[in-house]
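Subject: A structure to look at

Hello,

I am passing on a structure for you to look through, and my notes follow below it. Please keep it open while you read.

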Amino acid sequence: MTDKELIDRFLTGELDEAGMAQLEAELTAHPDLVREVADQQQIENALRILLGDDTSDQQVAVSVLAVLRAPSLDSFKTDLMKKVQSEDLRQKREEEAVRVRTGPVPIVQLTEEKPVTATRSVAAVRAPRRRRPLLWGLSAAAAVAIAAVALLRRGPETEPKDPGAFVLAAGPGVRVERNGSSVPARMDMMLNAGDRLSVPEGGSAKVGFADDTTRIDLKGPSEMVFLHGGKSKRVDLVRGEAEFAVASQTGGQPLRVTTAHSELEASEEVALRLQAAADFTRLEVRKGAATLIRRADRKALRVGADEYAVAGKDVEFANKPLGPSKAAPGGPAVVALLQRVQGNVYLFTKSHADRVPAKAGQPIRDDQGLLTEGARSTAVVDYSSDTSRVEVGGDTTVLRFVADKDRTRKHVLLEAGTLEADVVKQAPGRSMLLTTAQAEVNVIGTRFALSSEGDATRVQVEEGAVQFTQRQDRWTIVVRSGFYAVAGPGRPFEALPVPGGIRYLDIDLGSGAGDAEGDWKVDGRSVRQARASREAAASSFLVKADSADNVLLEAVAEVDHVAPVGAAGWGFGLVAAFGRENLVLRTIQGTDGGSVFEFKDAAAIPFEHGREGRYRLKLRIERRGDGQAAILRGKIWQGDREPDGWMIENERPLDGPMIQVGFQTVRCACTFTSFKVKVLGNEPR
Amino acid sequence: MDEQSLIQQVQEGKNLEAFGHLMDLHVRRLRAVIALSAPVPHLIDEIAHESFVFAFNRIHEFERGTSFFAWLKSIAWNLLRAEVQRFSREQVNQAKYAERRVFEVTPQKPLEHSARELDGLEKCLERVPQRLRQLLQMRYNLSFSTQEIAERAGQSAAWVRTTLCRLRRQLRDCLQDRIATENP
């Protein structure tokens, strides 16, 4: 193990004894390393706070408020002694009166007292990596005090008052229904038995129990009824989804969660996710184990780590692995790859209830569908046979990615939702088919968006053309770039221009050419370089694109490799060629603070970025009235949030119409994707 | 309601709700500043907790119109110093060798310095390239395990650990450069 791995394992508390021995030997041999570990630890802790969620902030706030609300320890002791003394006095009087001891001594009603609190409660006993909420420590101390007094009084066994649960965090719109009235949930709010917590769509709420570290994260839309805390924790998950982090319940009853179709019991430390839907309940266990009991027949199932089980109508009640699906020899074949996953994305085979969480890099088999839950959940699917790509939008279900009969043929079965397809030119007779309940889209090679909602299907073509067929009457129309059409009852079935006149130039990357120095390769809709040019001279890839209109070029550039740094800088950018002149918008990163974003030989602004990552570029070319000069604007950014304004602007004459577009790199190798050239109408800038 | 009005409410009536709002305003930054000074992680929340309790109980001593966060920092600094001394006495024979050595070399610096470090760290974070930022998000925001991060990034667990370690070093260097530039 390297020093860096040792340090990271040490910081995350994952160093075993052998690793710790190795680290100690390294620290002894290299005293400088001790300081490095100390520095790393402080940055690690600061990053956890700065980038983490606000749970720990809230726990500190809750613990402070709990201390401040409680009576002081002195007053608690005084009150306690008074009660004990008065109780003794009362008993003696009773005994004297009847001269017979008829029953056990009643217990002092200590449970009405607020918890005993102290300002230092969880100091050095806490494990370094675990942040236990201070309040739980305080409440536990109070519980111990109460139990101790109860034992001293030798009274009958009485269940202590339910220490309850707290709202640790509540997003906007989360409400608590109590005794017929509904109030907004707020942090630090105590939950009573019968309280119903409602979390709206897109919202979230966290609930913590007062006596241990058990925590429930509810995701909206969901509803949960709190029933009991303490040693017999019980909640009813009425609907929706929740993540449970359950502490060991030794010494008490298992935590019980009821849903319409099942009962869950967890007695050991376990991390799990429970989904209560109308037709089924689904349990996924990440860590530990829990028991799922099917209500219909009381059959119980022990579900272990990385397993899931579903209880519901017409669903097999059995443990199944949560792991990524693998194509078994002789079984279903892999047809595509999940390139990117964001939010809640699942793969399924027979039904939605049979789903498993999807991960980036996971293969998709020919018998699998994909669904995304939530408006912001997305997935990018690349076909294995070529570089055709389907980007699946939020709240979307794709039943299949290939045809049932001929599984080498691309056939996307869209049940509901939206997707964008970027289809590489298909071989003759092998066109790609996309089907919804209302329509079919036949594609040879193009880029378009398809959505199916309710009783209508809409297709909008960015580039090229598609054949769009209304299934009801088998009527087919051709929809070209800049047009859209809708198939559905009572709607005219025709191609209409997209509002704003959006149209894209047909760019055939396969016909483009790059210089040998850059070693450019076209792979479907991607253009990549096998190696970086080591010379300071630029390397370009250009493809034919005739236009005298105003245009907007955009592309995503991923830096794969930067040549060893010398005195010269490195960079990448977009190119538009006019007659004998190339217009280049690029970033050049210098080694001596000379990093710029520039229109080459015309204008530059200071701009620095890293040697890796994905960058998005836009170049807008807007001709002036005389058609000779043009206003040029450019921007570059990382991530999904595009800057509102333009970063650089320049005005210069152009040598005739645009004839070529493409990319340029300097001393680096990049992969360019999502390249398109939009023809601009009179839309706002 | 602004900070000074909240403080006034607390001073006039020991208003817990107003104090809760004050905590919301400062708890994250106070914890982060303490994190950049504390020699052992578990002291962070402990000191933050005690600082707020102390501040509430002595709120009448706070001079309105001055910086409440600066006052909190000074309370936390005194508590941290005392706690470190206590900790060093009690734990020195119990801690494992590595933890003890780290504790010994961690310099005792004023929280004011840590606050400047925190400002620098936030600015340095803005410059982290997107791909590495995703790594930080997965580790520190989403609390993914190293193995989960490795699967998502399509890399080995060793790569994840090494890259994160390197990134923390770069962030430390970056914030120190910033402080040195601001105070040559």
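The contact between the two chains, where contact means heavy atoms within 4.5 Å, takes 67 residues from chain B and 66 residues from chain A. Please bear in mind that this is a predicted model, in which local features need pLDDT of at least 70 and side-chain atom pairs count only at pLDDT 80 or more, while totals for chains, interfaces and linings use all residues. Residues are numbered from 1 along each chain as its sequence is written, chains are lettered from A and ligands numbered from 1 in the order in which they are written, and side-chain values use heavy atoms, with hydrogens and water left out.

Chain B and chain A bury about 6,200 Å² between them, 60% of it on carbon and sulfur atoms; buried area is the accessible area (1.4 Å probe) that two parts lose on being put together, summed over both. On the side of chain B, Arg28(B), Tyr140(B) and Arg161(B) lose the most area to chain A, and together they account for 12% of what that side buries.

Between chain B and chain A the count is 12 salt bridges, a salt bridge being a side-chain nitrogen of Lys or Arg within 4 Å of a carboxyl oxygen of Asp or Glu. Arg161(B) forms one with Glu14(A), and their closest N and O atoms are 3.3 Å apart.

A search of the whole structure finds 14 aromatic pairs over all chains. Rings of Phe, Tyr and Trp (its six-membered ring) pair if their centres lie within 6.5 Å, and planes under 30 degrees apart count as stacked, over 60 as edge-to-face and the rest as tilted. The rings of Trp520(A) and Phe541(A) have centres 5.9 Å apart and planes at 40 degrees, so this pair is tilted. Trp520(A) lies in strand β34 (residues 520-523) and Phe541(A) in strand β36 (residues 538-547), 21 residues apart, and both residues are buried. Ring pairs also link Trp520(A) and Phe541(A) with Phe663(A), Phe672(A) and Phe675(A) into a cluster.

Best wishes

Methods. Helix = DSSP H or I, 4+ residues; strand = E, 2+ residues; numbered from the N terminus. Buried < 20%, exposed > 50% of the residue type's maximum accessible area, 1.4 Å probe, protein only.
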